[in-house]
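Work through the exercises below with the model open. Try each task before reading its solution.

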Amino acid sequence: MSVPAGLFRPDQSPALRAAVPEVYPDARPLAVFDVDGVLADVRHRLHHLEVRPQRWERFFRSADRDPLLTEGAERLRAALVDHDVMYLTGRPERTRRLTEHWLACHDLPVGPLVMRADDDHRPARWLKRDVLRTLATVREVVSVLDDDPAVVSVLEADGWPVELATWLPHSSTLRSAQEDKGRT
């Protein structure tokens, strides 16, 4: 299947365009995984966001030390048996190399990895809904796994097959970063 002309708006992330190749000769259904709170345990770095002013760059720079969340990793590996897997994270594009390195260190596929444009501060729920709507024009999205209740609520209302990851308590600090600040 070819990507329809005009599928991508000029303001959309180059990472999203790269995650949707021109042709899918052997495409399997697509399972979409969030990173923070689903695969990566961010609790050790939340203190950077609990101070004023918030230290966003320190928060992101310390993501390479996130412990792996076993439940999320097991779910991802199980999905790989009969699905293509894609990551959809609110992390900013400038953290791509760090995130890819973290995935590789934990023996997880490195991509495709769709990230938030550095200057995009929309709430995670709207960002992820827009990306999924674009992807659905060329791929069958059969599952989405996310830890943010606001994201899950919007995606459910939109008709997506979404599941709330509950193995890491969703902190109010992370909720604010994702929804109020549009930063992760």
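This is a predicted model: local features need pLDDT of at least 70, side-chain atom pairs count only at pLDDT 80 or more; totals for chains, interfaces and linings use all residues.

Residues are numbered from 1 along each chain as its sequence is written, and side-chain values use heavy atoms, without hydrogens and water.

**Exercise 1.** Find the strand order of the open sheet and its edges.

Solution. 
- The order is E3-E2-E1-E4-E5, with parallel pairing; strands pair if DSSP finds at least two bridges between them.
- E3 (113-116) and E5 (162-164) each have a single partner strand, so one side of each lacks a neighbour in the sheet.
- The twist averages 20 degrees from one strand to the next.
- E2 (residues 84-92) pairs with E3 over 3 bridges. Proline 92 stands opposite arginine 116 in E3.

**Exercise 2.** Classify the crossing of H5 and H6.

Solution. 
- Take H5 (residues 124-135) and H6 (residues 149-157): their axes come within 8 Å and cross at roughly 40 degrees.
- H5 is therefore oblique to H6. Oblique is what remains after under 35 degrees (roughly parallel), over 145 (roughly antiparallel) and 65 to 115 (roughly perpendicular).
- The contact (heavy atoms within 4.5 Å) includes Trp126 and Leu132 of H5 and Val154 of H6.
- By class, the contact has 7 nonpolar, no polar and 3 charged residues.

**Exercise 3.** Is glutamate 57 buried, partly exposed or exposed?

Solution. 
- Locate glutamate 57 in helix H2 (residues 56-61).
- Its relative accessible area is 37%, so glutamate 57 is partly exposed. Buried means under 20%, exposed over 50%, and partly exposed in between (1.4 Å probe, protein chains only).

Technical notes:
Axes are lines fitted to C-alpha atoms, for helices over the stretch in contact, and angles run from 0 to 180 degrees between N-to-C directions. Helices (H or I, at least four residues) and strands (E, at least two) are DSSP runs, numbered from the N terminus. Ala, Val, Leu, Ile, Met, Phe, Trp, Tyr, Cys and Pro count as nonpolar, Asp, Glu, Lys and Arg as charged, and the others, Gly among them, as polar.
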